Amino acid sequence: MMDRRRFVSVLAGGVLVARSIAEAQPAAKMQRVGFLLGATRESVAPLFHALEEGLRDLGDVEGRNIVFEQRYGGGRMERLPDLAAELVRLRVDVIVTGTNIHVAAVRQATATIPIVMVFTADPVKAGFVASLARPGGNITGLTADASPELWAKYLALLKEVVPKLSRVGVLGQVSSQVGFAELETASRKLGVTLEVADLKSPEDLDGAFATMIDKRVGAFIVVVGPLTYLLMQSIADAALKYHLPTIANAKDFTQAGLLMSYGPNLPDLYRRAASYVDKILKGAKPADLPVEQPSRFELTINLKTAKALGPTLPQSLLFRADEIIQ
């Protein structure tokens, strides 16, 4: 039988050997996740936190095995190429970004670092991927449905609120390439005239509303992009001020005070984007990861805004709503 002193000596020796082996093993690689959006850090914080939560659920935790490199344009889209180039110089392992204007800037900066896009419109037509099933390059992620039929749905919903609607304002960034061509196609079929108010900087918002009021639009559509997301609350306040029924293609805008939205939950899209990041960090190639299309669109109505605007909403519209904000 081993005496007590010998047992302690053997035990101590085993601990030293185990410690030596552990110290000899290389530390786990800290991987860098780039995050690039054109708005401000504060305005898109819910989107970043959704991505962060999604990664945490998959075991990717900042400070443990990943580091985030966040870059924001502050509403200045001309800064996107430089910010994308900065992430490339940092040698991040993957870059998560948003709509078409974001993806175009990052793609210009790198053809090798994996890019996970979120809420892009027709990435095949834009040339970002070869096909949704097999992207074939360094870009994959999630796309928005940009079909003329979907945009016709927005116009039809507005016509339920304003039956004699003939002139509709469209507020967004034409340079973002999201939705404008499809809206034109849909409007011609429905006999609706569009008045496009192009946002190029945050300072353009007052002028955009002045243009729409001058053109006597009866309602307007907000096209989600970096600037409209940044100015979400100001847009909602102005729509209420001018008594204009408004619809957007993301639920966040109805929560801010717009009358209606029909589309996906943006934070949820960023949460789902985490699975792409996780797979890429574990060795998957973007070329082999199919692009995901939205499977669920929710009609959300802000009842408080509806009452403030005056006209009573049709009961049939309220019955079809997935969510009513009181």
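1. Strand E1 (residues 31-37) pairs with E2 in the parallel sense, over 7 bridges. Two strands pair if DSSP finds at least two bridges between them. Helices (H or I, at least four residues) and strands (E, at least two) are DSSP runs, numbered from the N terminus. Within this pairing, Tyr72 of E2 is the bridge partner of Leu37.

2. On provenance: this is a predicted model, where local features need pLDDT of at least 70, side-chain atom pairs count only at pLDDT 80 or more, and totals for chains, interfaces and linings use all residues. Residues are numbered from 1 along each chain as its sequence is written, and side-chain values use heavy atoms, with hydrogens and water left out.

3. The open sheet has 5 strands in the order E2-E1-E3-E4-E5, with parallel pairing. Strand E2 (66-72) and strand E5 (139-144) are at the edges, each with a single partner strand, so one side of each has no neighbour in the sheet.

4. Helix H4 (residues 100-109) lies across E1, strand E3 (94-97), strand E4 (115-121) and E5, at about 145° to E4. Angles run from 0 to 180 degrees between N-to-C directions, with axes fitted to C-alpha atoms, for helices over the stretch in contact. Contact means heavy atoms within 4.5 Å.

5. In helix H7 (residues 205-214), Leu205, Ala208, Phe209 and Met212 are buried (under 20% relative accessible area; exposed is over 50%, partly exposed in between; 1.4 Å probe, protein chains only). They cover an arc of only 95° around the axis, which puts them on the same side of H7. The arc is that of the directions from the helix axis to the C-beta atoms. Asp206 and Asp214 are exposed on the other side of H7.
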